[in-house]
Amino acid sequence: MPNDIVTNAPLEALSTFRLPARAAELARLEDVAGLPDLLDTELPVLLLGGGSNTLFVDDFPGRIVVNRLRGIDSEVLDRDRVLVTAAAGENWHELVRWTLDRGLWGLENLAMIPGLVGAAPMQNIGAYGVELAHCLESVEVFDRRTGRSERLAASECGLDYRDSRFKSADRDRFVILGIRLELMMHGTPVLEYPSLLEELERHGHASPEDPRTVAAAVMRVRKKKLPDPGLIANAGSFFKNPVVKNPVAQDLVERNPDLPSWPDKPGCTKLSAGWLIDQLGWRGKSFGGAQVFDRHALVLINRGDATGQDVLRLAREIKASVHERFGVELEPEPLLVGGSV
Ligand code: EPU
C-alpha cells in the first residue's frame, strides 16, 4: 500500500455538505507520478476535488483520492486568443480570478462557483448563461484502461447540461488531471440571464467593457441567492433543471404561466426545478438536520447535524411531490455516494 494512506478516514471536512461519513482509505494526489500506485488497489476508487458536488450519504468502502495537483499557465495564441492551462487541483474561483487579473474574457459568468478545476469538465459547470463548454479546449486525463495520460479535445468529452462522459458513460475510467481553456483578450459579454442583466443595469453597467465588471455582478447575484458553503453546509443546486419534450412543457406553461422555461436541445424545453419545488411550499421545510434553503428552493442545506438518511428522505419527498403535482421527474445534480434518490 502506498505511503500516506489514512484508514477509516472521516469525510465531513472533505465535502461542502459536511455529512458524517467515513472512507475505508484516504490519500492525496500531489504529483501525477504517484497516481498509478494510488489506483493500484482491489478497492473501489473515488477521485475527489473540493467536494462541493459530492454528498457522502453513507460510508465509502473504498479508497478516496483527493486531487491536489497544482499549476496555472498561459500561452498567447494570436492577437485575440490565449490558451490557459490549469491543473485539476486548483481552486476554480482562484483560476477565474487569475484570468480576470489578466483581463481575459470567458470565465466571468462562472465566478464564485465552489470546487476545484477538475470538477468543471466532470459536470460541465454552468451559470448565468455560460457553460464551461463555451471555452473548454481540451482535458488532460489519465486513462485507467490503458494506464496512460492523454489529451481529449472538448468535442470528445460528451459535454451536456451538467453532464459529460466522465460523469456518465465513462464514469470511473478517467482521472481528470487538468484542463485547457481558450479565452479571449477582446470578448463580448454574455448577458442573456435576466437577473445578471438587472444587476448590471442597477449599477449603470448595461454594456460592460471589462470582464471584471461582469464577474463582480455575478458575485453579487450569487451572494443574494445562494448560501456561502463556508457558513452554511450545502452543495449548490440539489436537482437539475428538468428537460422535457416541448408538448409537455407547453401544457405545463399553459397551466402555470409563471413557470420559467428555456429552449433546450431541439424539441425540448428546460424547466425551472426551483420554481416547481417552491410552488409546493418546500422552502424552509426540513427532515432532521436537512433543510430546503429558505432563499432558494433548489438548494438543500445541512443545518449542522444532518445525516445522509435525512438528506435522502427530504430529497425523495420533494421529488415525489413534484412528480405527483406536475408529472415531472427530478434528478439529483450532485454525486450521491452511498445512496440514491
Ligand atoms: N425560482 C423560484 N423559487 C426559488 C428558486 C428559483 O421561483 O425558490 C425561480 C427564479 O425566480 C428564477 C428561476 O427559478 O426565475 C431560476 O432560478 P435561478 O436563476 O436561481 O437559477 P436555477 O435554474 O435555479 C441554475 C443553476 C445554478 C446557477 C443558476 C444561474 C442548475 C441545476 N442550477 O439554477 O447552478 O447558479 O442557474 O445560472 O442548473 C449549481 O449547479 O449548483 C448551481 C447553483
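Visitor: What makes Arg70 and Glu90 a salt bridge?
Guide: In this predicted model, the closest N and O atoms of Arg70 and Glu90 are 3.2 Å apart. The cut-off for a salt bridge is 4 Å between a side-chain nitrogen of Lys or Arg and a carboxyl oxygen of Asp or Glu, so a pair at 3.2 Å qualifies. Side chains of opposite charge can pair when their charged atoms come close.

Visitor: Why is this pair said to tie together parts of the chain?
Guide: Arg70 lies in the loop between β5 (60–67) and β6 (72–76), while Glu90 lies in the loop between β7 (81–87) and α2 (92–101), so the bridge joins parts that are 20 residues apart in sequence.

Visitor: Why is Arg70 called exposed?
Guide: Exposed means over 50% relative accessible area. Arg70 has 60% relative accessibility, and therefore counts as exposed.

Visitor: Why is Asp278 called partly exposed?
Guide: The class covers values between the 20% and 50% limits. Asp278 stands at 27%, so it counts as partly exposed. Arg283, at 38%, is also partly exposed, because this value falls between those limits. Asp278 and Arg283 form a salt bridge, with their closest N and O atoms 2.7 Å apart.

Visitor: How many salt bridges does the structure hold?
Guide: The structure holds 21 salt bridges. In one network of salt bridges, Asp143, Arg165, Asp170 and Arg173 are linked.

Visitor: What makes Arg162 a buried residue?
Guide: Arg162 has 16% relative accessibility, which is under 20%, so it counts as buried. Arg162 is found in the loop between β11 (148–153) and β12 (174–184). Leaving aside neighbours within four places in sequence, Arg162 is in contact with several residues, among them Gln123, Gly126, Lys240 and Glu333. The side chain of Arg162 reaches the backbone oxygen of Gly126 at 2.9 Å.

Visitor: Why is Ser272 called buried?
Guide: Ser272 has a relative accessible area of 10%, under the 20% limit, and is therefore buried. Ser272 is found in the loop between β16 (268–271) and α7 (273–279). Beyond its neighbours within four places in sequence, Ser272 is in contact with Asn241, Leu259, Pro260 and Trp262.

Visitor: What lies between domain 1 and domain 2?
Guide: The domain assignment gives domain 1 (6–67), domain 2 (72–184) and domain 3 (233–334). The contact between domain 1 and domain 2 takes 11 residues from domain 1 and 12 residues from domain 2. About 950 Å² is buried between domain 1 and domain 2, with carbon and sulfur atoms giving 65% of that area. Across this interface the rule finds zero salt bridges, and the count of residue pairs in polar contact is three. On the side of domain 1 that touches domain 2, α1 gives the largest share, three residues. By class, that side has six nonpolar, five polar and no charged residues.

Definitions and conventions
Residues numbered from 1 in each chain as written. Predicted model: local features only at pLDDT ≥ 70, side-chain atom pairs only at ≥ 80, totals over all residues. Heavy atoms only, no water. Domains from an automatic or database assignment. Contact = heavy atoms within 4.5 Å. Buried area = accessible area lost by both parts, 1.4 Å probe. Polar contact = N/O pair within 3.5 Å; in protein donor to acceptor, adjacent residues only side chain to side chain. Helix = DSSP H or I, 4+ residues; strand = E, 2+ residues; numbered from the N terminus. Nonpolar A, V, L, I, M, F, W, Y, C, P; charged D, E, K, R; others polar. Buried < 20%, exposed > 50% of the residue type's maximum accessible area, 1.4 Å probe, protein only.
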